[in-house]
Amino acid sequence: MTEPRLPVPWLAADDETTPLPDPETAMADPNGLVAIGGSLSPRRLESAYRRGIFPWYSPGEPILWWSPDPRAILRPGAFHVSRSLRRALRRHDYRVTLDTAFDAVVSGCAAPRPGQPETWITPAMHAAYSRLHVLGLAHAIEIWRDGHLVGGLYGVSLGRAFFGESMFSARVNGSKIAMAWLCCQLEHWGFDFLDCQMPTDHLMQLGAETMPRKRFLMALAASQRASTHPGPWSLEIRADDLDAWLG
């Protein structure tokens, strides 16, 4: 009796060398599943992101690798600022930093949320991105008020692309303020786009767009021809730069 054939490759847990499949071979249902298993080593993660693939799985599951169709991206200059957010940004009653509290931001993103008791940011995922941070490839933007971390987001940077992973708010507009400052900084550095992975109403309201996977992969390939801006990052824009960027 033969074993049933899996719809996507299943990699051994210690496998860091077998290339992930072509993203265009991803399943339609579930949308974008490319492979199962493997490791979260820096080598594996960097290779995956450069090809438009990212890990996402729940506690107790094997590592699942995805490249959905369509893909959501946000071009830095297209970030949409509502009137209320514009007022919040221009109050400047907060402090912004880059790469000073990476693990705290990841922990904030992993914290339970209303109606969402579990998180996909498992200890293994946290450790994997912390390793990328040490290597200068993963970054966090942090928003502080009165010495407390009140919002932020983290992701991976390769070439002229920033791959957003997660964000959190402990105060109103915490994550939106982080996103605005990050987009302004990324545009200052000449980045092409921020990969948002899957479209959500929240991201679309902030100016994200969707594109077919084939077109996304072409844009990604172009972005990877540029050098990577290594970490640790430091903020190069100031409040007056943001005010001018807001218009």
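A polar atom in the side chain of E142 lies 3.5 Å from the backbone nitrogen of L98. The model is predicted. E142 is buried, yet it has no salt bridge.

**E142 and its surroundings**
- E142 belongs to strand 7, which covers residues 138-145.
- The nearest side chain of opposite charge is that of R95, 7.3 Å away.
- The E142 side chain also reaches the backbone nitrogen of D99, at 3.2 Å.
- Beyond four places in sequence, E142 touches a run of residues that includes R95, V96, T97, L98, D99, T100, A101 and F102.
- V105, L149 and G151 are also among the residues that E142 touches.

**Nonpolar cores**
- The largest nonpolar core has 49 residues.
- Those with the most contacts inside this core are L40, L45, Y49, W65, Y129 and Y154.
- Helix 3 (residues 102-110) gives the largest share of this core, with five residues.
- Another core lies apart from it and has 37 residues, among them L74, L85, V96 and I141.
- Y129 is in contact with L45, Y49, P55, F102, A138, Y154, V156 and E165, leaving aside neighbours within four places in sequence.

**Strand 9 and its partners**
- Strand 9 spans residues 161-169, and eight of its nine residues are buried, so the rest of the structure largely encloses it.
- Strand 8 (residues 148-158) pairs with strand 9 in the antiparallel sense, over eight bridges.
- Strand 10 (residues 193-197) runs parallel to strand 9, joined by three bridges.
- A161 stands opposite F193 of strand 10.

**Q197**
- Q197 is found in strand 10.
- Its relative accessible area is 10%, so Q197 counts as buried.
- Phi of Q197 is positive, at about 70°, although the residue is not a glycine.
- Leaving aside neighbours within four places in sequence, Q197 is in contact with F54, P68, P70, R71, A72, G164 and E165.

**Other backbone exceptions**
- Most residues other than glycine have a negative phi, and most peptide bonds are trans.
- D146 is another residue other than glycine with a positive phi, near 50°.
- D146 lies in the loop between strand 7 and strand 8.
- D146 has a relative accessible area of 73%, so it is exposed.
- D69 and P70 are joined by a cis peptide bond, with omega about 5°.
- P70 sits in the loop between strand 4 (64-66) and strand 5 (71-74).
- G231 and P232 are also joined by a cis peptide bond, with omega about 0°.
- P232 is found in the loop between helix 7 (213-223) and helix 8 (239-246).

**E187 in helix 5**
- E187 is part of helix 5 (residues 174-188).
- With 38% relative accessibility, E187 counts as partly exposed.
- E187 and R75 are 112 residues apart in sequence, but 8.5 Å apart in space, C-alpha to C-alpha.
- Leaving aside neighbours within four places in sequence, E187 is in contact with P76, G77 and W245.

Definitions and conventions. Residues numbered from 1 in each chain as written. Predicted model: local features only at pLDDT ≥ 70, side-chain atom pairs only at ≥ 80, totals over all residues. Heavy atoms only, no water. Helix = DSSP H or I, 4+ residues; strand = E, 2+ residues; numbered from the N terminus. Buried < 20%, exposed > 50% of the residue type's maximum accessible area, 1.4 Å probe, protein only. Lys, Arg positive; Asp, Glu negative; His and termini not counted. Salt bridge = Lys/Arg side-chain N within 4 Å of Asp/Glu carboxyl O. Polar contact = N/O pair within 3.5 Å; in protein donor to acceptor, adjacent residues only side chain to side chain. Contact = heavy atoms within 4.5 Å. Core = buried A, V, L, I, M, F, W, Y, C linked by side-chain atoms within 4.5 Å. Pairing = 2+ DSSP bridges.
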